[in-house]
Amino acid sequence: MNPDTIYWLQQLLNALQLGSIYALIALGYSMVYGILTMINFAHGDVFMIGAFCCLLAATALGLPFAPTLLLTMAGTALLGVVIERLAYKPLRNAPRVSAIITALGVGLFLQNATLALSPYPKAMPPLLDNLTWQFAGISVSSLQLIVICLSLGLMLVLDHVVHRTPVGMAMRAIAWDKTLVPLMGIPVNLIISITFAIGAGLAGAAGTMYSLAYPVIDPQMGIMVGWKAFIAAVVGGIGNIRGAMIGAFILGGVEIMVVALLPSTYRDFIVFSLLLLLVIIRPQGILGQAREQKV
Amino acid sequence: MNTRLWRHWEWLLDRPWLLPALLAGGLVLAFAIPQYQLFNNYIQLILMYIGINIILTVSLNLVNGYMGEFSLAHAGFMAVGAYTSALLTMEVLPVGTYPSLFPVALLAGGAATAVLGLAVALSSFRVRGDYLAIITLAFLMIVKSAIENVDAIGGPRGLPGIPRLTTLPWVFFWTVTLVWLVRNFVYSHYGRGILSIREDEIASDLMSVDTRRVKIFAFMLSSFCAGIAGGLFAHLLQFISPRVFDIVKTTEILIMVYLGGIASIGGSIIGATLYTLLLEVLRPSTMASLLSWLPAPIFDPLYEYFIRHLGVLRMVIMPLALVLVMLYWPRGIMGMREFRGFVPRRDRAAHHALDTPAESPHGTADRH
């Protein structure tokens with residue numbers, strides 16, 4: 001193969017890796033928005049807490065990769081449920097803006113509390129032996145393969161849960177009509193808590209993989225990654241789970257392309273400009289359905 | 001409550017000369033404090049921050065409170081005003097010889113910001129609610145990232161060496177002028193349009209409110225004020241960098257708006273003042289000097305375990321306070337109410353007829 005093709009295939013692999021991490025976080029934004037029409041701005045910081053959980057499990061407890069991942073996911077899932085119960089549930093009937101501001105506050109709180117406990121960036125120990133293989137000139141690392149395969153696996157499981165199980169059906173029903181659903185005997189509060197747990201658990205998985213792939217973590221890492229994942233959810237059509245996955249891979253691709261072609265400082269500028277254009281031209285996103293405004 | 005004292009208070013509040021007298025007193029103080037060093041420099045600095053924050057809060061309240069949209073771009077507007085006016089005073093205008101050119105630089109910064117506000121207003125024609133919040137967020141990030149990429153204005157390193165032109169009288173002048181401007185706008189014909197957009201945009205369209213024109217005015221006025229505040233901020237701090245104007249800055253202004261209460265100018269003034277003071281009191285050095293009268297056996301452990309760590313802790317306390325305010329006090333201090341002095345005379349009579357005689361001691365409720 002000629003070197004150009006190899007270069008772009010290599011970049012495509014990088015884009016897949018970044019995109020799959022974005023996708024795991026974007027799913028949490030999208031699920032919560034779908035069910036509560038609320039932008040959970042604290043989600044990026046739950047991802048950051050996931051990275052720190054992973055660090056704790058790996059260094060303080062000395063666990064290998066698989067238990068670390070599971071423990072991190074369980075920890076962030078619990079955190080998600082606690083945040084929902086304490087901060088968001090009392091505001092469910094309040095004006096929507098109150099919930100958004102509370103979410104911003106919760107996010108800042110998580111960030112600054114972590115900053116108070118751990119003021120300096122921390123290095124993540126390598127949990128996995130990093131092997132590299134060569135396929136026709138393209139080098140593939142085992143870490144990349146694990147990140148991509150594990151993310152895709154989690155997404156498939158989630159897709160199955162949402163579209164094929166009673167819990168998923170209840171979630172979609174709540175997203176469809178919140179007033180009618182309790183009359184059908186669906187425990188709304190439980191389902192909402194499950195949604196938050198799943199979303200936050202996926203963010204924990206993303207935190208683990210991100211900290212393995214880019215092994216320096218700090219309390220403010222959740223801001224930018226969180227916003228990017230949020231963009232991915234909007235691009236795909238917020239509230240739509242498959243859309244969030246597609247949006248995340250598009251965003252990962254765009255970011256890697258921008259960095260490959262232009263100085264890397266232009267990345268945020270271009271990504272946010274694209275978001276602006278998309279929201280103005282097609283607010284419902286790629287897979288979202290436009291809702292008519294009723295009088 | 002002492003009824004006689006109460007009656008005197010009511011009488012005082014009804015005097016038409018009260019507000020001009022207070023303003024004149026404030027103006028005299030604004031000149032006298034730096035001239036005769038009535039307070040030390042630190043307190044003067046806090047007073048100026050309070051003024052700037054009042055401008056920011058009142059102008060954000062115009063969009064987020066009165067119009068009911070959710071804008072996150074305020075820090076970005078501030079950045080545009082700050083950079084424009086700072087570049088003007090550093091490179092173009094000879095402020096060294098003519099310090100009176102400072103307001104020209106501020107107005108230019110405000111005008112540049114208003115143009116950006118127009119862009120946000122135009123996008124608000126197509127989308128509302130959450131999506132407008134996303135658009136304003138994108139505006140904020142684009143402004144920040146654009147500044148970071150222009151090396152001529154310092155890029156990510158920031159812009160040092162701005163002349164210190166912001167003085168207490170200037171802050172006082174701009175705060176009063178801009179608050180007065182917003183207040184007149186809110187109680188004008190257009191202001192009614194803003195309130196009707198918050199209640200129901202489609203219905204107000206049907207009632208022949210020109211919602212597009214009203215939105216343009218509101219966004220441009222709001223961003224103009226933010227630009228002026230940014231200019232004042234830049235010439236007070238003497239150093240600006242894109243990091244100063246990030247989403248955390250917007251969150252701070254949001255806290256001040258919602259602490260004070262939406263759709264209330266008096267509330268915004270209280271919210272901005274209270275938040276700024278609280279943030280300063282929670283500094284380790286300030287807290288230590290405030291509590292230094294405590295006897296050593298109490299003070300020393302308190303210092304060791306609490307005050308010394310406030311530098312980090314206050315950034316944990318503030319967002320927690322925001323969440324608690326939203327949970328237990330969602331309307332803020334003055335939500336949807338107003339001080340009597342800010343309500344025009346013609347409205348006051350109308351409200352008086354609507355309200356029950358026994359009202360809250362601070363003024364008539366101003367419900368729209």
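Predicted model: local features only at pLDDT ≥ 70, side-chain atom pairs only at ≥ 80, totals over all residues.
Reader: Which residues touch the most other members of the largest nonpolar core?

Author: A nonpolar core joins buried Ala, Val, Leu, Ile, Met, Phe, Trp, Tyr and Cys residues through C-beta atoms within 7 Å. A residue is buried with 20 or more other C-beta atoms within 10 Å of its own, exposed with 12 or fewer, and partly exposed in between. Here the largest core holds 200 residues, and Ala26(A) and Ala232(A) touch the most other members.

Reader: How many helices and strands does chain A have?

Author: Helices (H or I, at least four residues) and strands (E, at least two) are DSSP runs, numbered from the N terminus. Chain A has 10 helices and 4 strands, in the order α-α-α-α-β-β-β-α-α-α-β-α-α-α along the sequence. Its radius of gyration (over C-alpha atoms) is 19 Å, close to the 19 Å of the globule rule for 295 residues, so chain A is as compact as a globular protein of that length. That rule is 2.2 Å times the number of residues to the power 0.38. Buried residues make up 49% of the 295 in chain A, and 76% of its contacts between residues at least 6 apart in sequence join residues at least 24 apart.

Reader: What are the corresponding values for chain B?

Author: Chain B has 16 helices and 2 strands. Its radius of gyration is 22 Å, close to the 21 Å that the rule gives for 368 residues, so chain B is as compact as a globular protein of that length. In chain B, 45% of the 368 residues are buried.

Reader: At what angle do the axes of helix 5 and helix 7 of chain A cross?

Author: Axes are lines fitted to C-alpha atoms, for helices over the stretch in contact, with angles from 0 to 180 degrees between N-to-C directions. Helix 5 (residues 142–164) and helix 7 (residues 188–213) of chain A have axes that come within 10 Å and cross at roughly 175°. The two are therefore roughly antiparallel (over 145 degrees). Among the residues that make this contact are Leu150(A) and Leu154(A) of helix 5 and Leu202(A) and Met209(A) of helix 7.

Reader: How many residues does each chain give to the contact between chains A and B?

Author: The contact takes 30 residues from chain B and 32 from chain A. On the chain B side, the elements giving two or more residues are helix 5 (102–126), helix 6 (129–149), helix 11 (247–260) and helix 15 (310–328). The largest share, 11 residues, comes from helix 6 of chain B.

Reader: Where in chain B is Gln37(B), and is this residue buried or exposed?

Author: Gln37(B) lies in the loop between helix 2 (18–36) and helix 3 (41–66) of chain B. Although not a glycine, Gln37(B) has a positive phi of about 50°. Gln37(B) is exposed, with 10 other C-beta atoms within 10 Å.

How values were computed:
Residues numbered from 1 in each chain as written. Chains lettered and ligands numbered in written order. Contact = placed C-beta atoms within 7 Å. Parallel < 35°, antiparallel > 145°, perpendicular 65-115°, else oblique.
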